Amino acid sequence: MPVTARPKVVRTIGFLIGSLPLRIAAFVVVLVTMLLGIATTMLWVGIPILITATSLVQSFARLERRWVHTMLGVDVPPPRRREHGPGLLQTWQVRLVDQATWREVNYVLLAFPLGIVEFVAGIVSVAVPPFGIFVAPRIGALHAALTASMLGPDRTAQLEARTRQLSDSRARGVDAVEAERRRIERDLHDGAQQRLVSVAMSLGRAQLKLDLDDPIAVRELIGAAHADAKLAVSELRDLARGIYPPVLQDRGLDAALSSLTARMPIPVDVEVTVDPRPPAPVETTTYFIVSETLTNIAKHAGADRASVRVTRDDETVVVEIIDNGHGGASVRPGGGLAGLADRAATIDGVLTVVSPVGGPTVVRADLPVRW
């Protein structure tokens, strides 16, 4: 739930009233330990006291994030902290210069007077229902926004994390494209190319037989060349269908996946609900994941039935492929499922696999429609 959304009325009023004891305890404990630690720093005993104070601040911040999530329905992720080495002195030095520590300290100190105001607002909300219905949720939303800004990751950390995510996604995308190129090259070499070579050889032999005036042998060789040519066309069609089938472009995922599952050696139930139609990269990735997963199921899972379910909301297309095979599948480096995860990562998607021994196996991909 976004921090700008209005929390539920009853929970918000409970938050406004019930937060004050936590605010008082946090303010008193943190202020006393910090002042005592600062006053005794020159005697060295102040260092462990200050470390204790910062540890208490972090504990109160964790409790506050959990409390906001429970009562206001807003998930505030923890900030990214600096790494520190062993020893009390290094711990204290790193925490002393860590911005997350001081944002948490400021929050604890600010939350006490703010908690008094919110407590009064909560009492007024109980006594005056219109105030509780229309004003209290807005106060809760403002407090959730303040918590997210002071106790969550700062903007720089979020941008750094996003940069690393995009860098990893790009690298995995390059690997996925390279693996796809090698697969196409291998399929062409082992399939259609061999068929075309056979066609050329059969036609060459037929030409020699024409010179020897042997019509029966010529007919046999041309027939063999014709059969090989049809097989080559079929293999090229299958290869092109695996890259981007025309039915996917013309009629969308429902028709493309129905056509794909109709060719599977086991029964596959298909349910597709993706209105409005997602972008082409999402459709292509969805088709590829379903196609490769069903191929793996047919080859390795020992299943006699599978199901495919594709749904979407405003932000995400969710793909779920389930089979009743023997299970035990996992995402291993260099494996087929790892390749699917890399393919999903090219559009910031995430692929997860749940496959206990004995089955069933669930392969799920969450693919964003905007990135």
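Arg23, Glu64 and Glu118 are linked in a network of salt bridges, a salt bridge being a side-chain nitrogen of Lys or Arg within 4 Å of a carboxyl oxygen of Asp or Glu. The structure is a predicted model, in which local features need pLDDT of at least 70 and side-chain atom pairs count only at pLDDT 80 or more, while totals for chains, interfaces and linings use all residues. Residues are numbered from 1 along each chain as its sequence is written, and side-chain values use heavy atoms, with hydrogens and water left out.

In the whole structure, eight salt bridges are found. One of them joins the side chains of Arg305 and Asp269, with an N to O distance of 3.4 Å. This pair links distant parts of the chain, since Arg305 lies in the loop between H11 and E2 and Asp269 in strand E1, 36 residues apart. Helices (H or I, at least four residues) and strands (E, at least two) are DSSP runs, numbered from the N terminus. Arg305 is partly exposed at 39% relative accessibility, and Asp269 is partly exposed at 42%; buried denotes under 20% relative accessible area, exposed over 50%, and partly exposed the range in between (1.4 Å probe, protein chains only).

A further salt bridge connects Glu283 with Arg277, the closest N and O atoms lying 2.5 Å apart. Here Glu283 is buried, with a relative accessible area of 3%, whereas Arg277 is partly exposed, with a value of 42%. Arg364 and Asp366 also form a salt bridge, with their closest N and O atoms 2.9 Å apart. Arg364 is partly exposed at 30% relative accessibility, and Asp366 is partly exposed with a relative accessible area of 23%.

Aromatic contacts were examined next. A pair of aromatic rings is described by the distance of the centres and the angle of the planes. Two aromatic pairs are found in the whole structure. Phe15 and Trp67 form a stacked pair, 5.9 Å centre to centre and with 25° between the planes. Rings of Phe, Tyr and Trp (its six-membered ring) pair if their centres lie within 6.5 Å; planes under 30 degrees apart count as stacked, over 60 as edge-to-face and the rest as tilted. Phe15 belongs to helix H1 (residues 9-39) and Trp67 to helix H2 (residues 46-72), so that distant parts of the chain, 52 residues apart, are linked. Phe15 is buried, with a relative accessible area of 0%, whereas Trp67 is partly exposed at 24%.

Phe27 and Phe112 form a stacked pair, with 4.5 Å between centres and 25° between planes. Because Phe27 lies in helix H1 and Phe112 in helix H4 (residues 99-127), the pair ties together parts that are 85 residues apart in sequence. Elsewhere, Arg343 lies over the face of Phe288, 4.1 Å from the ring centre; a charge sits over a ring if NZ of Lys or CZ of Arg is within 6 Å of the ring centre and within 35 degrees of the ring normal.

The largest nonpolar core has 35 residues, and those with the most contacts inside it are Leu257, Leu294 and Val310. A nonpolar core is a set of buried Ala, Val, Leu, Ile, Met, Phe, Trp, Tyr and Cys residues joined through side-chain atoms within 4.5 Å. Helix H11 gives the most to this core, with eight residues. A second, separate core of 11 residues includes Ile13, Leu16, Val68 and Ala144.
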